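Hi everyone, thanks for making time. Let me put the structure up, and then we'll walk through charges, fold and a few side chains.

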Amino acid sequence: MKFVSIIMGSKSDYEIVNEAAKILESFGVKFEMIISSAHRSPKRTHDYVIDADKRGAAVFICAAGMAAHLAGAVAANTTKPVIGVPMGGSAVNGVDALYSTVQMPAGMPVATLAIGKAGAKNAAYLAMQILALNDENLNSKLLEDREKQAKILEEESKKIEVLLG
C-alpha cells in the first residue's frame, strides 16, 4: 500500500503540519504522521524512514524549524521524494529553517516549500501530484480541485469587482 509519510521535528509543529494531513485525508490519500527529530532522536528517525520505505511510503513530508536538518536526514535514508517544510518560531521567523532545508548538497535533493502553513498545505498537494503520476483517479481529483479553486476565486472577485467601461 502506497502512502505519504509526514514527519515533524517536534509537537509544536503539529497545528501547522496537520494542515497537510487534512488535505491528504480530504482526497482519500493514505498517510501516517509521527514526531521525530534529526537531532534529538536520530536513531528513531533513521529506523522509521527505513521501515516506512519498506512498507510503501511513496513520499516523505518533513517539517522542522531552526536548524531544520530533518528533511536532509530523511533524504539520506531513502531514494523516495522528500518534501521539506521549514517551520517558523525561531528568532528569524523560519528563515534559518528555510536555508537549512533548501541548501542540500548535490545528489541529495529535498523539494523545499514555503515557511509554515502555506508550505504544509503545498506539501500535501505536491505529494499528491507525485502520486498522481501513476494514479489517474487522484489526478482527476486534483484537476477537479483546481477547477473548484478557480470558481471560488471568480465568485469572490464578482463580489468586489469594479470594471471600467
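Let's start with charge: the mean positions of the 18 positive and 18 negative charges of the protein are 5 Å apart. Here Lys and Arg count as positive and Asp and Glu as negative, with His and the chain ends not counted. Each charge is placed at NZ of Lys, CZ of Arg, CG of Asp or CD of Glu.

A word on the model. This is a predicted model, where local features need pLDDT of at least 70 and side-chain atom pairs count only at pLDDT 80 or more, while totals for chains, interfaces and linings use all residues. Residues are numbered from 1 along each chain as its sequence is written, and side-chain values use heavy atoms, with hydrogens and water left out.

Now the fold. The protein has six helices and five strands, in the order β-α-β-α-β-α-β-α-β-α-α along the sequence. Those are DSSP runs numbered from the N terminus: H or I of at least four residues for helices, E of at least two for strands. Along the principal axes, the C-alpha atoms fill a box of roughly 65 × 40 × 30 Å. Of the 165 residues, 41% are buried; buried means under 20% relative accessible area, exposed over 50%, and partly exposed in between, with a 1.4 Å probe and protein chains only. Taking contacts between residues at least 6 apart in sequence, 64% join residues at least 24 apart, where contact means heavy atoms within 4.5 Å.

On to salt bridges. How many does a search of the whole structure find? The search finds six, each being a side-chain nitrogen of Lys or Arg within 4 Å of a carboxyl oxygen of Asp or Glu. In general, side chains of opposite charge can pair when their charged atoms come close.

Take helix α2, residues 42-55, where Lys43 and Asp47 sit about one helical turn apart because they are four residues apart. Their side chains meet in a salt bridge at 2.6 Å, N to O. Lys43 counts as exposed because its relative accessibility is 58%, whereas Asp47, at 34%, is partly exposed.

Asp53 pairs with Lys80, with the closest N and O atoms 2.4 Å apart. This pair links distant parts of the chain, 27 residues apart: Asp53 is in helix α2, and Lys80 is in the loop between α3 (70-75) and β4 (82-87). Lys80 is partly exposed, at 24%.

Further along, Glu155 and Lys158 lie three residues apart in helix α6 (residues 136-160), about one turn of the helix. Their salt bridge has its closest N and O atoms 3.6 Å apart. Glu155 is partly exposed at 44%, and Lys158 is exposed at 56%. Salt bridges that share partners also join Glu32, Asp51 and Arg55 into one network.

Last stop, a histidine. Where is His39? His39 is in the loop between β2 (31-35) and α2. Leaving aside neighbours within four places in sequence, His39 is in contact with Ala67 and His69. His39 and His69 are 30 residues apart in sequence, and their C-alpha atoms are 7.8 Å apart in space.

That's the tour; happy to take questions!
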